[in-house]
Amino acid sequence: MKLIKKSISAKDGSGSVTLLPQSPEDLWHTYNLLQTSDHVRCTTLRKVTKESSTGSVTSNKVRMNLTIEVTKVEFDKESLQVRISGPNSAESQHVRMGAFHTLTLELDRQFTIEKECWDAIFLDRIEEACNPEVGAEVACIVMSGGLAHVCLVTGSVTVTKARIDMNIPKKRTGSSGHSKAIIKFYDAIYRAILNHIPFDKIKCVLVGSPGFQRDDFFKYLVAESVRRDDRVLIKSKEKFVLCHASSGHKHSIEEMFSDPNIASRVTETKLVKEVEALNRFMRLLDTHPDKAYYGFGHVQKANEELAIDTLLITDELFLSSDVVTRKKYVVLVESVRERGGNVYVFSTMHVSGQQLQQVSGVAAILRYPLPDLDELEDIAANHEAYAEYESDDELTEEEKRQKEEARMREEMKDMGF
C-alpha cells in the first residue's frame, strides 16, 4: 500500500487519507479501514446519456470522480475485491446528489477515505499496510491422497491460489493405474507452483503432508525441474521445507507454523508470532485457566486489575457499524498497550483468527493468576450484604420496623399481590 496523502486533525482525529493499493492484501486492509458513514472518493466509469436538440439520444461511458457516503461494504474472499455502496454525497456534473451507486476499489487506482475520527486501530492498520517488510510472504502446499492446496500466506491473508482434487485408485497387483494417477497429481501441483508462486518475493515454501507423500513429491519436483530445465525451480529448491501436516485441507497450514523447526525459518512473519501466542493461550486454558481469560467482560475486568500480559483480538470486532461497540474494543487495546501489555490483532482470513473468533474473538494471557470472576462477584455481593446487615444494627426500632414493612411490600409486589 502506498500512502499518497494524509490529512488528520490532531485535535479530534477527523480528516482524510489517500491510498494506492498495490497488492491483493492491500485490499483486505482497505476493507478493514472502511465503516458505514465514511466518505470515499475514487474514479469510476458511468454510462452517461445525452439528448440533442433534434431529439436523438447518445450514450457513452465517462470516467469521473464520485464521492459516496458508505452504507454497505463487501469483501469478496475469492477475487479479493472491495465493493462499497451508498448515496452520492458531492456535486457531480453527471450524477445527481443522493443517487445510490456501487464502487469497486481496484489495484493501482487511488482512493480517498474521509472519517470523523481516525482512532489508533485505523492508524496502526495504515502503518502496517504501508510497511513493505510486513508483506514478507510464505508459500504453503498441503497434500493428502489426491487433495492438495497451494496457498500464499502474507501478514493478514491466506490466499488459496490453487486447489487440486483428483481420484487416486488403490494399488492393485498388475495394474499401473495408481502410479499413473500419482504422477498426474504431482504434475498438477508442479504446474500450480510455477503459475502461482512468485519465487522472487517468497521467503520459503512449506510442503506438508501425512506420511512420506511430501518426500515423494519433492523428489518428483527436483527431477522434473531438471528434466524440463525450469531454472526458477532449480534455483529456488533450497527454499522448500518439508514438514508434517495432518491433511491436504487448508486448516493444516496452522499445524506447520506451530512446528518450532519451521517457525525458526520464518520467525519474522507476523503469523508465526500470532500462532505462538494463540497456542500459549490454549495451553494455559487447559493447565492454568486462572491465567487465561476470554470474553469482553472478563478481559475488561482483568485489564482493570492491570493483569493482562498479552491481548489477543480479531479484526472482525473492529468492523462493527455501531460506534460505541467499536470504541470499547479500541479503548481496551489502547489501555493494554499503555500498561505495557502486548497486543496481537488476528486476521480472520487466517485459520488462527477463525479459531480465536470461536472463543468470542477476544482473549488475554495474564501476568499473574486471578480467581474466577464469578467468585469475585459472589465475594463482593456477600460483602455488600454483610455491610447492610451491620448498618441495620445502627437503626432505631421504628426504622427497623419501617424497613421490614417496605421489604415485605416489595416481595408481595414481586409475587403479584
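## I84 and the main nonpolar core

In this predicted model, I84 touches L34, V40, I68, V70, K72, V73, H101, T102, L103 and L105, leaving aside residues up to four places away in sequence. I84 is also one of the residues that, with V82 and L105, touch the most other members of the largest nonpolar core, a set of 32 residues. At least two residues of this core come from each of β2 (15-20), α1 (24-33), β3, β4 (57-69), β6 (81-87), β7, β8 (111-115) and α2 (120-130). The largest share, 4 residues, is supplied by α1.

In soluble globular proteins, nonpolar side chains tend to be buried together.

## A separate core

Another core lies apart from the one described above and has 28 residues. Among them are I164, Y186, Y220 and L233.

## Cavities

There are 3 cavities of 30 Å³ or more in the structure. The largest cavity holds about 60 Å³ of space. Its lining consists of T158, K250, I253, E254, L271, V275, H350, V351 and S352. Two or more of these lining residues come from each of α6 (253-258), α8 (270-287) and α11 (351-357). By class, the lining has 4 nonpolar, 3 polar and 2 charged residues.

The second largest cavity has about 40 Å³ of space. C42, T43, T104, L105, E106, R109, Q110 and F111 line this cavity, with β3 (39-51) and β7 (100-105) each giving two or more residues. The lining divides into 3 nonpolar, 3 polar and 2 charged residues.

Note on methods
Residues numbered from 1 in each chain as written. Predicted model: local features only at pLDDT ≥ 70, side-chain atom pairs only at ≥ 80, totals over all residues. Heavy atoms only, no water. 1 Å grid on protein atoms, 1.4 Å probe; cavity = no way out; pocket = protein on both sides within 12 Å on 5 of 7 lines; lining within 4 Å. Points joined across faces, edges and corners; volume = space filled by probe spheres on them. Nonpolar A, V, L, I, M, F, W, Y, C, P; charged D, E, K, R; others polar. Core = buried A, V, L, I, M, F, W, Y, C linked by side-chain atoms within 4.5 Å. Buried < 20%, exposed > 50% of the residue type's maximum accessible area, 1.4 Å probe, protein only. Contact = heavy atoms within 4.5 Å.
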